[in-house]
2 protein chains.
Amino acid sequence: MGLVVQKYGGSSVADADGIKRVAKRIVEAKKSGHQVVVVVSAMGDTTDELIELAEEVSPIPSGREFDMLLTAGERISMALLAMAIKKLGHEALSFTGSQAGVITDSVHNKARIIDITPGRIKEAVDKGAVAIVAGFQGVSQSTKDITTLGRGGSDTTAVALAVALDAEVCEIYTDVDGVFTADPRVVKKARKIDEIPFEDMLELATSGSKVLLGRCVEYARRYNMPIHVRSSFSGHTGTWVRNRPEGEKGEGMEQAIISGVAHDTSEAKITVVGVPDKPGEAAMIFRSIADAEINIDMVVQNVSAAATGLTDISFTLPKTDGHRAMEKLTKAQPDIGFESLRYDDQIAKISLVGAGMRSNPGVTATFFEALSNAGVNIELISTSEIRISVVTREDEVKDAVRAVHTAFGLDSETDEAVVYGGTGR
Amino acid sequence: MGLVVQKYGGSSVADADGIKRVAKRIVEAKKSGHQVVVVVSAMGDTTDELIELAEEVSPIPSGREFDMLLTAGERISMALLAMAIKKLGHEALSFTGSQAGVITDSVHNKARIIDITPGRIKEAVDKGAVAIVAGFQGVSQSTKDITTLGRGGSDTTAVALAVALDAEVCEIYTDVDGVFTADPRVVKKARKIDEIPFEDMLELATSGSKVLLGRCVEYARRYNMPIHVRSSFSGHTGTWVRNRPEGEKGEGMEQAIISGVAHDTSEAKITVVGVPDKPGEAAMIFRSIADAEINIDMVVQNVSAAATGLTDISFTLPKTDGHRAMEKLTKAQPDIGFESLRYDDQIAKISLVGAGMRSNPGVTATFFEALSNAGVNIELISTSEIRISVVTREDEVKDAVRAVHTAFGLDSETDEAVVYGGTGR
């Protein structure tokens, strides 16, 4: 048997009991004959508490020092987890991101992995020990400073290590049983997905599904590393994220296969009003946003009014970057020459994800009908090969998700008992 | 002006306000024209909380993982302190023990410093930044694992860095105004000592004075690095620990100069009863203790009873090592051949420290008279060139210290207002 990488999130190691429970699970994997590498997040709310402390001390904490601070969280959880495993009679060694060979660029607070040199990890597992690695952190190649990987960084660490160590699977443990056809807190009849292709998972993740973040799915897809998302509180099989075997593609291939409905209320919408409709204008707008390292999501350009030669451009972006983007655009207004800006943070995005969508016009029709019947207005639309997303008012989002979920026959026969963690998270 | 190293203990950086207060003080030193290197401990009770967590997870935490865990504490305080200094408009960079070049041996939980290679620290201060270094931690030369330096480790880090960076002075900030002639909590009339030689400070420290630990004073003495012990809560001059200028030694040199009275209730006494009085017996006893890395303090061997050829050996050691020592000795009993062991943890040690003691027989006489008048029984006696220590019952220690303090004219004219930290620690 080969090597598995297991990743445990903060809610799985929230306290001493959680750490002991996770230790038992790791030892079981070890006993079954696997080499085990574990990636662990900070305990429970540790990271939030550290952020609060930082804000008390300084309202705009510096990148380098902020990373130094936050990495203390994983250091605590990984050392405790190693102790708990040793207590069960198995060897375990903890490693910081730097010690584990997680080499990153120098962009503090959201560094990108540029290389993994897991020599010490390999050595540890070859000696029969469980290697515990701090998630979310690395070391800058150029400055040798400690960096953090930003949101979803621990999942990405796990997948990247799994790839570098040629693992059989990367198991992501969380407080729910897997990936669901919709958020089970909103849709009671949501079903656990047993298996989902990378592409669909990627669309779900970037569309607001919180279980996995797009970044880690993208990494797994690129290197074809299967991910098994499962609960650390139950023994159930979770959701496998991997390529569908070639053979299965034959059957019913012309049918649309809907994976699920995602929603996202973390975005805001900016509308740039009265943009001269000539080449290069949109580019100038998005260049000024990109220069601030802000990622935008949906973009819609209205058909320009022939009389004025002016058009409106709307786009969505994370609420947290909203004010910074408005500032940037206001500064760039004289150069770009638009009329005004509108900012709206009361929006929600609903996305339907599944294969074969574009070639099935009925899918789009059913989607819009369901929203219309639920009385939900559509403000923006964007589509990809396997996704349709719409922007609506934030207060309509729950009705919209339920209506779409039902319309596509995703509801389970019975209200499925969703197993959440014992902590009620 | 040159470089100063400042060390702040956990009570000085117990919360966000403490960190901001310390940041201001650091910036003042910077503004006065000094290069400033700061060594900082973990915030308040952080270390104790981490130890509790570890004990919840595993009753006997492992050395390596325990060190990994504990070093998270300084990581938090140093990053926050750097942020607070930046907020005041000055550049600051934090460094782990490893990044600061604190190279140690591999004895986890009480590593010893074997080298300091402060290249990154020098670079930082040469660029005009304040360098913040995590106290109490280093990196093992052979295994590259994170180590901690054990009790008093942060003070030792500060002195060692001061030496390596050729600093003017090593300032140790604490929650009292300096070193006192006795513990001010016990002796109300204790006086702050303005200046004390390394040797006397060393004896006071190893005799129970908590302000500085012997290890850091020893390091400072060896490299002649002046230490200024002072309060981080007041602006007062504290206690200078340094060699007396040659000139001052002439005056009144034949007089005993009493520095202070220290007491210590952290030790226990073991008596090995019925030891064959022949060469090598004592060596075997102390070898078995030394093999367990336990430091013993006072040793007294009774005159052997001629009739039996047996003698008793008593020694004191830290209470925390008491049970381990008893275990070791019990195991070694067949080889050594003593009769029995007695363990007593209800003892206290009182020490009088000062120069010229041995050549002034009156000092010893006054010491014993004072104890006798206070009704205190003496169980063990040990003396050095500049110290007399006695062991008494633990419940008599306060009376004993007060009596000796008064007898040597150390009482201040008025009850001195001892400035403790605002937190009441």
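Let me start with a salt bridge in chain B, between B:Lys349 and B:Asp297, where the closest N and O atoms are 2.5 Å apart. Keep in mind that this is a predicted model. B:Lys349 belongs to strand 18, residues 347-355, while B:Asp297 is in the loop between helix 8 and strand 15, so the bridge ties together parts of chain B that are 52 residues apart in sequence. B:Lys349 counts as buried because its relative accessibility is 4%, under the 20% limit. B:Asp297, at 33%, counts as partly exposed.

Salt bridges that share partners also form one network here, made up of A:Arg64, A:Glu65, A:Asp145 and B:Arg120. Over all chains, the search of the whole structure gives 44 salt bridges.

In chain B, the side chains of B:Glu218 and B:Arg221 meet in a salt bridge with an N to O distance of 3.0 Å. Both residues are in helix 7, residues 214-223, three residues apart, which is about one turn of the helix. B:Glu218 is partly exposed at 24% relative accessibility, and B:Arg221 is partly exposed with a relative accessible area of 33%. In chain A, A:Asp291 and A:Arg287 are joined by a salt bridge of 3.5 Å, N to O. Both A:Asp291 and A:Arg287 are exposed.

Next, the interface. How many residues of chain A are in contact with chain B? There are 41, and they meet 41 residues of chain B. The size of an interface is often given as the accessible area lost when the parts come together. Between chain A and chain B, the buried area is about 3,300 Å², and carbon and sulfur atoms give 68% of that. On the chain A side, the residues that lose the most area to chain B are A:Val57, A:Arg75 and A:Met83, together 22% of what that side buries.

Two salt bridges are found across the interface of chain A and chain B. Between the two chains, A:Arg120 pairs with B:Asp145, with the closest N and O atoms 2.8 Å apart. A:Arg64 lies over the face of B:Phe95, 5.1 Å from the ring centre.

On to aromatic pairs. Over all chains, the count is eight. One of them is A:Phe367 with A:Phe368, a tilted pair at 5.7 Å centre to centre with 40° between the planes. A:Phe367 is buried, at a relative accessible area of 0%, whereas A:Phe368 is partly exposed at 26%. Another pair is B:Phe286 with B:Phe315, which is edge-to-face, 5.4 Å centre to centre and 75° between the planes. This pair links distant parts of the chain: B:Phe286 is in helix 8, residues 281-290, and B:Phe315 is in strand 16, residues 310-318, 29 residues apart. B:Phe315 is buried, at 0% relative accessibility.

Now an annotation. An unreviewed UniProt entry places a "binding site" feature at A:Thr47 and A:Glu74. Why can they be said to gather at one spot? They span 28 residues in sequence, yet no two of their C-alpha atoms are more than 8.9 Å apart. A:Thr47 is in helix 2, residues 46-57. Apart from neighbours within four places in sequence, A:Thr47 is in contact with A:Ala42 and A:Leu70. A:Glu74 is in helix 3, residues 63-87, and is buried at 2% relative accessibility. Beyond four places in sequence, A:Glu74 touches several residues, including A:Val40, A:Ser41, A:Ala42, A:Gly135 and A:Phe136.

B:Leu3 is in strand 1, residues 3-8, and is buried, with a relative accessible area of 9%. Not counting residues up to four places away, the contacts of B:Leu3 include B:Gln35, B:Val37, B:Val125 and B:Leu165. The C-alpha atoms of B:Leu3 and B:Ile347 are 44 Å apart, and the two residues are separated by 344 residues along the chain.

Notes: Residues numbered from 1 in each chain as written. Chains lettered and ligands numbered in written order. Predicted model: local features only at pLDDT ≥ 70, side-chain atom pairs only at ≥ 80, totals over all residues. Heavy atoms only, no water. Phe/Tyr/Trp six-rings, centres within 6.5 Å; stacked < 30°, edge-to-face > 60°. Buried < 20%, exposed > 50% of the residue type's maximum accessible area, 1.4 Å probe, protein only. Helix = DSSP H or I, 4+ residues; strand = E, 2+ residues; numbered from the N terminus. Lys NZ or Arg CZ within 6 Å of the ring centre and 35° of its normal. UniProt positions renumbered as here; feature names shortened; annotations may be inferred. Contact = heavy atoms within 4.5 Å. Buried area = accessible area lost by both parts, 1.4 Å probe. Salt bridge = Lys/Arg side-chain N within 4 Å of Asp/Glu carboxyl O.
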